[in-house]
Amino acid sequence: MRITDTSDLWWKTAVVYCLDVETFLDWNDDGVGDFAGLAQRLDYLSELGVTCLWLMPFYPTPNRDDGYDITDFYSVDPRLGHLGDLVEVLRTAHDRGMRVIADLVTNHTSDKHPWFVKSRSSRTSPYRDFYVWRDEPPAEQAAPVFPDQEDSNWEYDAKTEQYYQHIFYKHQPDLNITNPAVRDEIAKMMGFWLELGLSGFRVDAVPFMLETEAVVGGDKALSDPHEYLRSLRSFLGRRSGDGMLLGEVNLPREDQERFFGDDDGDELTMQFDFISMQKMYLSLARQDARPLIEALLSRPAGSPDSQWANFVRNHDELTLDKLSDEERGEVFAAFGPEERMQVYGRGLVRRLPPMLEGDPRRVRMVYSLLFSLPGTPVLFYGEEIGMGENLEQEGRLAVRTPMQWNSGKNGGFSDAAPSRLASPVVGGGFGPAHVNVEDQRRDPDSLLNFIRTLIRHYRNAPEFGWGTFAVLEQPHSAIFAHSLTWEDRHIVAVHNFSAEPIEVPLTLTVEGESVLLDLISGDDIELPSTGKANITLDGYGYRWLRVVRADDTHRY
């Protein structure tokens, strides 16, 4: 394959950046971030190296679940601006070479959505079957997703004397996708946003969306929910040509493979790798790379068009639900020993730098790992400068704090009174006085500039997105050494999970005398025809090494 062919599947080598408009930049100083503010920072994101901007929900909402409780799928929350402001952001982002995706929330609506208001008005309402109603809840039901907030997945409605299903909060009734009218509406909303310029969607809660067992008398044509997911992918392809579906699927490997569409790759384009993320934190806690290696090797092969999305943290809790109780206890002890740092008994509400006590060696090693793993890296806003969390905020809101642009009032997010902000600014050692964009842009040794460097080298190495992954044998449990091979291009990445310096013996397959080019430091390591080399790593050290023939005139 030629390098020019790789743009057809742009998501395989993208750099995805997730942000919430309301906490990114407030341009009119009312305390809430807005699209006008985001437009002013698109050049910053372009300078960072972002190629795909993921917008968290920006739709009209009562805002009881940070925007995931939607009252209108076809508009913009007036606090953030209007459709014209969004279109300006899309146009400007495209001009800077960035695609834009947005959350597609099709599992539920707000209970204030006109569909649900009409649905609960009468059992004979034409919107009744837009939602899932039953005379009695099922005798057996799954445990609530938010056990500290809900004790059932069903809520009684006194007016119509039936129960409606809500997998999440009771104010978020579940849509009934067995209803053809609901499926038509989902297609319409996708088509609407694609027409305005989106390049795809991050699909919220995909397994819950496809769960239809509770529906009584549903459409028999939906006997296979995955057929519906295939139809969404097909619709996306017809409307956009190169659109992408990035799915939230936190399930075991065999189930994840099915959500890709198995070998055909005709369902989700990408999935977040929750399992490798959780095992990475276990590896960090143990200073042992083997749990992460095990997780990566368990990935199903799937279609070559599909892709894994790698992440260090996201906008939700840092879930550890796929670890055993003992393993989860290890991660809690290492990175979240206080009860306020934990949530739902399964996750953490912390960002990486505070978890690693601000140790720049470990923080940089983790982000080096993120960008060198096989797959596509996803950043959550503020990660590039090392923002911390605000543990005074409830649950997942602890990591959804205002972006820290400078050391001034409210971190440069807004000139409004602090009491009017969408969320309080982080305080203490990770607050704007110590962590902000302005200072780090001026510091060549800052985390921001380090991540810019990683992104530059990642973008110059299609092996990371396209290459065949292999774990390299070596004797140290604290070391993760892997290679990625694509056509005649070959990269080796080596990471040290321990605080101790280690010399790592590697044997690589080479043709004649070669050179290992250290992409980050610029050093060269001679590699004899035997392929044997000793790689020296500092404590929490990392190296990205391109293998090139000694006589290759195209080396860089």
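User: How much space lies in the largest pocket?

Analyst: About 1300 Å³ of space lies in the largest pocket. Please keep in mind that this is a predicted model. Here is the general idea: rolling a probe the size of a water molecule over the atoms shows where empty space is left.

User: Which residues are closest to the centre of the largest pocket?

Analyst: Look for Val145, Ile167, Phe168, Pro207 and Phe208, which are the closest to the centre among the 48 residues that line the largest pocket. By class, the lining has 21 nonpolar, eleven polar and 16 charged residues.

User: Which helices each supply at least two residues of that lining?

Analyst: Three to find on your screen: H6 (206-209), H7 (225-240) and H8 (253-260). The largest share comes from H8, with three residues.

User: Now the helix pairs. At what angle do the axes of H3 and H5 cross?

Analyst: Helix H3 covers residues 83-95 and helix H5 covers residues 180-196; their axes cross at roughly 60° and come within 10 Å. Angles under 35 degrees count as roughly parallel and 65 to 115 as roughly perpendicular, so H3 is oblique to H5.

User: Which residues meet there?

Analyst: From H3 come Leu83, Leu86, Val87 and Leu90, and they meet Phe192, Trp193 and Leu196 of H5. The contact of H3 with H5 has seven nonpolar residues, no polar and no charged.

User: H5 also pairs with H7. How do I read that crossing?

Analyst: Begin with the angle: the axes of H5 and H7 cross at roughly 30° and come within 11 Å. Because angles under 35 degrees count as roughly parallel, H5 is roughly parallel to H7. The crossing of H5 and H7 is right-handed.

User: Which residues make the contact of H5 with H7?

Analyst: On the H5 side you will find Arg183, Ile186, Ala187, Met190, Gly191 and Leu194, while H7 brings Tyr228, Leu232, Phe235, Leu236, Arg239 and Ser240. Sorted by class, this contact holds eight nonpolar, two polar and two charged residues.

Conventions: Residues are numbered from 1 along each chain as its sequence is written. This is a predicted model: local features need pLDDT of at least 70, side-chain atom pairs count only at pLDDT 80 or more; totals for chains, interfaces and linings use all residues. Side-chain values use heavy atoms; hydrogens and water are left out. On a 1 Å grid over the protein atoms alone, a cavity is a set of points where a 1.4 Å probe fits but cannot get out, and a pocket is an open set with protein on both sides within 12 Å along at least five of seven lines; lining residues have an atom within 4 Å of a point. Grid points are joined across faces, edges and corners, and a volume is the space filled by probe spheres set on the points. Helices (H or I, at least four residues) and strands (E, at least two) are DSSP runs, numbered from the N terminus. Ala, Val, Leu, Ile, Met, Phe, Trp, Tyr, Cys and Pro count as nonpolar, Asp, Glu, Lys and Arg as charged, and the others, Gly among them, as polar. Axes are lines fitted to C-alpha atoms, for helices over the stretch in contact, and angles run from 0 to 180 degrees between N-to-C directions. Angles under 35 degrees count as roughly parallel, over 145 as roughly antiparallel, 65 to 115 as roughly perpendicular and the rest as oblique. Contact means heavy atoms within 4.5 Å. A crossing is left-handed if the near helix is turned anticlockwise from the far one by less than a right angle, and right-handed if clockwise.
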